[in-house]
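Here is a short briefing to read alongside the model. Please have a look at the fold first, and then we can go through the details together.

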Amino acid sequence: MDRELLLLCLPLASFVAATASQALFYRLKPSLSLSYLAALFGGLACLAALTALLPPADVAAAPGEDIAYTLANLGIYLGLWLCFVAVVGLSISLRIRIMAFLKDSGRPRTEADIEAAFQSELLVSQRIDRLIAGGHLRRENGRLYSCGTWLTKVARFNALVKRFLTGQVSEFHGGG
């Protein structure tokens with residue numbers, strides 16, 4: 001196969017390895033965030049291995065070509081991985097699950113029906129418990145405080161991206 005075609009296939013092959021890593025890891029240890037990391041590093045390991053196995057370029061023709069291709073492939077792979085995380089994250093989003101519930105029910109539902117089906121108070125309670133267990137929140141005197149972990153930074157970054165893209169802040173952003 002032509003070297004240039006092989007170079008194009010590297011990020012795609014690495015992405016396939018990443019999705020396989022994520023699926024396998026999640027089945028072994030059902031932690032979505034850890035499975036995302038397994039996917040990221042599984043794909044990066046595949047990309048590094050495949051890059052190392054490529055025949056070298058003709059250095060006399062274009063010095064630094066391998067470095068440029070490696071950086072481009074790394075960027076392409078990371079872009080594919082981020083899209084994957086977004087798609088997987090969307091598939092478990094409560095909004096998406098509500099839409100699927102309405103479609104599958106085959107008839108209009110009331111808000112009370114939806115709240116009962118999804119046990120909305122329980123969902124919030126479970127998420128808070130997970131955030132406390134993960135060290136992202138702490139409870140003192142019946143109040144919750146952010147611990148300023150990496151998840152806080154991710155949430156702020158996501159809010160910034162949403163504001164940039166849509167011109168709106170999150171519906172959950174409020175005062176107080």
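**Fold and core at a glance**

The chain has 7 helices and 2 strands, taken as DSSP runs numbered from the N terminus (helices: H or I, at least four residues; strands: E, at least two). This is a predicted model, where local features need pLDDT of at least 70, side-chain atom pairs count only at pLDDT 80 or more, and totals for chains, interfaces and linings use all residues. Residues are numbered from 1 along each chain as its sequence is written, and side-chain values use heavy atoms, leaving out hydrogens and water.

**Whole chain**
- Read from the N terminus, the order of elements is α-α-α-α-α-α-β-β-α.
- Of the 176 residues, 18% are buried (under 20% relative accessible area, 1.4 Å probe, protein chains only).
- Among contacts (heavy atoms within 4.5 Å) with a separation of 6 or more, 53% join residues 24 or more positions apart.

**Nonpolar core**
- The largest nonpolar core has 12 residues, including Leu7, Tyr36, Tyr77 and Trp81; such a core is a set of buried Ala, Val, Leu, Ile, Met, Phe, Trp, Tyr and Cys residues joined through side-chain atoms within 4.5 Å.
- Helices α1 (3–28), α2 (32–53) and α3 (65–91) each contribute at least two residues to this core.
- Leaving aside residues up to four places away in sequence, Tyr77 touches Pro11, Ser14, Phe15, Ala18, Ala39, Leu40, Gly43, Leu44 and Leu47.

**Glutamine 22**
- Gln22 lies in helix α1 and is buried, at 9% relative accessible area.
- Beyond residues up to four places away in sequence, Gln22 touches Leu32, Ser35, Tyr36, Ala39 and Phe84.

Key:
Buried < 20%, exposed > 50% of the residue type's maximum accessible area, 1.4 Å probe, protein only.
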